[in-house]
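Good morning, and thank you for coming. Please have the sequence and the model in view.

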Amino acid sequence: MLRLENVSKHFGGIRALDGVSLSLREGRITGIIGPNGAGKTTLLRVMAGFYKPTRGRVYYRDRDVTPLGPHERARLGIALTFQIPRAPPEFTVGQLVQAAVGKAMYRGAAMLAERDRGEVWDRVHRVLERVGLSEYAEREASQLPLGLQKRLELARALALEPRVLLLDEPSAGMSPEEARELAGLVRDLNEKEGLTIAIVEHNVPLATGLSHYMYVLHYGRLLSEGEPGEVLRDPRVIEAYLGAGYARG
Amino acid sequence: MPIPEYYITLATLVGIYGIAALGLNITMGWAGQVNLGQAGFLGIGAMTSAILTAKLGLPVGLGIAAAALAALVVGAVMGLVSIRLREDFLAITTIAFNFLVVYIFEYYDVFGGSYGISNIPRPSIGGHELRGPSYMFLTWGILALLVLLALRIQRSWMGLAFNLVREDENLASAVGVDVRRMKVLAFAVGAMYGGVAGALSAHFKGYIVFSDFEFPYSIAILTMSILGGLDSIAGAILGSFIVVVSPEVFRPLMQYRRVMYGVLIVVVVFFAPRGLLGKNAVARRLLERMMAGYGLAPKGKKKEGEGG
């Protein structure tokens, strides 16, 4: 579905990604874990087009999308949620979702079409309902607690009607209860709607519980891959990331 | 009793500068792209129309349309430059652009050099030359059309895309907005307004010279925008009114006019950063309360960016 081929991304002298090849399988949830600074967020941003790889290619449905910018990939159906929610002041929850509902309207003469139309807001409300934010449509997004802003990130991504959903630390800052609800939501999106999902998480149990397949990154390189059980048993992963305590526990 | 010529002149100038300030609001207020050289775009519009009509004898209508187009194209180029610049460098670059335009006007004969261009014709309809009140109506008619265009942009996806680019470029990209294209568009459209304002001022005065478009005029236009509220359509016109009329009211302070612009900007930025008619601004709330008192309250909740 989405494939990276030998991707490197350097920032000055820092090699955030170094020759990474991986693929997100259609209709599956792929987990990406690794310690801080392993290159997880960089990896998602390369997939979403926010970073151009220094080397290597990105393929989406066998099409080389490496030269495409983030807006073009969003229009193709590759949606990214940000680790720190994007909620500029004075935008309501509904307006931020509306912005994504209009993804096909930001070019040519369509740009001048009226945006506050009934069918547009119907779509906005349907998306908000899916993530349980209906009652917050009129609220200023930046005033919401972090847990709800994280849900809004997901709502905005879903409003793009994506084929691939890239989730960057979706549970960070959430209470255990909120994280559980979120995991249920992500599983539903995958099982009921067949969405292909990549999830970067610090919360290892959450990632392993959700994922069909996992990759472990370490210093910008792939350390291990496989089904969650296999990966967690991999001695290299235990040594580099999970720690001896995890192995014992 | 006819309205004295003096008031007609003031009203015409308020209309002309209202157009210029409205253009600046689109570039700077809506899309967040700093432009401290709007007078340069007025100059490009004024010179284009003046050369086409006074030197080549083309109709004034064509001159104004060409002025809009010329400013639009140069604005788009400025927009392309803006893509590569951070906000503070963009501010300096737009000032430099203003100086460059004025320099070219002064040193190239086609723009009349230091003598400027004179005998710029008035527009005429059916052999009747538009002067005094009729020119004022023409100016306000064009202003009305450009306000309608601005309203259209504000309520469209383009307006939302501008606001997203202003607030967060990553967020804008993530929802499918081509950030570079929107920056170019914001500059081009704002510059086009400036070009029309410049052409209207050229045909109004009949004579233009390079110094009419120097940097202090950009600051005057910026003062109008900030005073009225950078995100407000009505604010641009109110700002133009205040800046055009106040020197007339406070005539003894005329020599301190430029200082007053600076003081006005500082006062507004400190006490009413949204301007007088910007979103949630004090004057705007008062106005809305008064309108509500007369049963004229706007229906429903206002959406983002609908400052006008």
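Let me begin with a term: two strands are said to pair if DSSP finds at least two bridges between them. Please also keep in mind that this is a predicted model.

With that term in hand, consider strand β4 of chain A, which covers residues 55-60. This strand is joined to β5(A) by 2 bridges, and the two run antiparallel. Within this part of the chain, A:Tyr59 stands opposite A:Asp64, a residue of β5(A).

These two strands belong to an open sheet of 4 strands in chain A, ordered β2-β1-β4-β5, with antiparallel pairing. Its edge strands are β2 (14-24) and β5 (63-64) of chain A, each pairing on one side only. Helix α1 of chain A, residues 40-48, packs on this sheet and touches β1 (2-11), β2 and β4 of the chain. The direction of α1(A) makes about 60 degrees with that of β2(A).

The partner of β10(A) in an antiparallel pairing over 5 bridges is β9 of chain A, residues 213-218. There, A:Tyr215 stands opposite A:Glu225 of β10(A).

Which helices lie across strands of this sheet?

Let us now look at two individual residues. Is A:Leu24 buried or exposed? A:Leu24 is placed in strand β2 of chain A. Its relative accessibility is 0%, and because buried means under 20%, A:Leu24 counts as buried. Leaving aside residues up to four places away in sequence, A:Leu24 touches several others, among them A:Met1, A:Met47, A:Val164 and A:Ala198.

A:Glu26, by contrast, lies in the loop between β2 and β3 (29-33) of chain A. A:Glu26 is exposed, because its relative accessible area is 54% and the limit for exposed is over 50%. With residues up to four places away in sequence not counted, A:Glu26 touches A:Met1, A:Arg61 and A:Thr196. The C-alpha atoms of A:Glu26 and A:Leu165 are separated by 11 Å, although the two residues are 139 apart along the chain.

Finally, I come to the largest pocket, which holds about 510 Å³ of space. Its lining consists of 23 residues, and those nearest its centre are B:Leu13, B:Tyr17, B:Tyr217, B:Arg257 and B:Tyr261. By class, the lining has 16 nonpolar, 2 polar and 5 charged residues. Several helices of chain B each supply at least two lining residues, including α8 (179-205) and α11 (257-271). The largest share, 5 residues, comes from α1(B).

Thank you for your attention.

Key. Residues are numbered from 1 along each chain as its sequence is written. Chains are lettered from A and ligands numbered from 1 in the order in which they are written. This is a predicted model: local features need pLDDT of at least 70, side-chain atom pairs count only at pLDDT 80 or more; totals for chains, interfaces and linings use all residues. Side-chain values use heavy atoms; hydrogens and water are left out. On a 1 Å grid over the protein atoms alone, a cavity is a set of points where a 1.4 Å probe fits but cannot get out, and a pocket is an open set with protein on both sides within 12 Å along at least five of seven lines; lining residues have an atom within 4 Å of a point. Grid points are joined across faces, edges and corners, and a volume is the space filled by probe spheres set on the points. Ala, Val, Leu, Ile, Met, Phe, Trp, Tyr, Cys and Pro count as nonpolar, Asp, Glu, Lys and Arg as charged, and the others, Gly among them, as polar. Contact means heavy atoms within 4.5 Å. Axes are lines fitted to C-alpha atoms, for helices over the stretch in contact, and angles run from 0 to 180 degrees between N-to-C directions. Buried means under 20% relative accessible area, exposed over 50%, partly exposed in between (1.4 Å probe, protein chains only).
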